[in-house]
Amino acid sequence: MLCALGAAGCAALYAGITGRSPSEVTLSGQATLSQLAAHPHAWSVGALVAVLVFKGVAYMLCLDSLRGGPTHPSLFLGGAVGILLSPLPGLGVVPGMAAASVATLRLPVSCVVRVVLVVATPRPSP
């Protein structure tokens, strides 16, 4: 019960600080990762740092005592780190997301394929 309240508190703090949706912290990150990959510059540095902190804490609480799988949240966290570090020399959005996801999940082939598929998937224009 306390872990669920802690995860909800993380989502509420994130939404209050950034003005973004609390679902970016509470859900698995599968849908948000494709949005992040499609529009990486729509996220401010502060929002990326906040989602890393609050989703990381909520993810840790949920893995410890609640239901939840490790794959999609860790891919999202790795992708957020990759987007955050992508302005560094020698990195771009795809290599940064792939490297950070591999470091987070430790499944190199799966992470690289997943990032390439998420980033390279054509999206319908609005």
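This is a predicted model: local features need pLDDT of at least 70, side-chain atom pairs count only at pLDDT 80 or more; totals for chains, interfaces and linings use all residues.
Seven helices and zero strands make up the secondary structure of the protein, and the structure holds one salt bridge, which involves Arg 20.

**The salt bridge**

- The partner of Arg 20 in the salt bridge is Glu 24, and the closest N and O atoms of the two residues are 3.1 Å apart.
- Side chains of opposite charge can pair when their charged atoms come close.

**Overall form**

- Read from the N terminus on, the elements of the protein follow the order α-α-α-α-α-α-α, and the radius of gyration of 14 Å is close to the 14 Å that the globule rule gives for 126 residues, so the protein is as compact as a globular protein of that length.
- The C-alpha trace spans about 40 × 30 × 30 Å along its principal axes.
- Of the 126 residues, 33% count as buried, while the protein exposes about 7000 Å², of which carbon and sulfur atoms supply 70%.
- When contacts between residues at least 6 apart in sequence are considered, 59% of them join residues at least 24 apart.

**The nonpolar core**

- The largest nonpolar core has 25 residues, and those with the most contacts inside it are Tyr 14, Val 25, Leu 36 and Trp 43.
- Helices α1 (2-18), α3 (30-38), α4, α5 (71-85), α6 (93-105) and α7 (108-120) each supply at least two residues of this core, and the largest share, six residues, comes from α4.

**Thr 32, a buried residue of α3**

- Thr 32 has its place in helix α3, and this residue counts as buried because its relative accessibility is 9%.
- Residues up to four places away in sequence not being counted, Thr 32 touches Glu 24, Trp 43 and Phe 76; of these, Glu 24 is the residue that forms the salt bridge with Arg 20, and Trp 43 is among the residues with the most contacts inside the largest nonpolar core.

**Surface positions**

- Val 45, Val 49, Val 53, Val 57 and Met 60 make a nonpolar surface patch of about 410 Å².
- Gly 16 belongs to helix α1 and counts as exposed because its relative accessibility is 61%.
- Between Gly 16 and Val 81 there are 22 Å in space, taken from C-alpha to C-alpha, and the two are 65 residues apart in sequence.

Notes
Residues are numbered from 1 along each chain as its sequence is written. Side-chain values use heavy atoms; hydrogens and water are left out. Patches are made of residues with over 30% relative accessible area and no salt bridge: like charges are joined within 9 Å, nonpolar side chains (Val, Leu, Ile, Met, Phe, Trp, Tyr) within 5 Å. Accessible areas come from the Shrake-Rupley method with a 1.4 Å probe; for residues, only the protein chains shown count as cover. A salt bridge is a side-chain nitrogen of Lys or Arg within 4 Å of a carboxyl oxygen of Asp or Glu. A nonpolar core is a set of buried Ala, Val, Leu, Ile, Met, Phe, Trp, Tyr and Cys residues joined through side-chain atoms within 4.5 Å. Buried means under 20% relative accessible area, exposed over 50%, partly exposed in between (1.4 Å probe, protein chains only). Helices (H or I, at least four residues) and strands (E, at least two) are DSSP runs, numbered from the N terminus. Contact means heavy atoms within 4.5 Å. The radius of gyration is taken over C-alpha atoms; the globule rule is 2.2 Å times the number of residues to the power 0.38.
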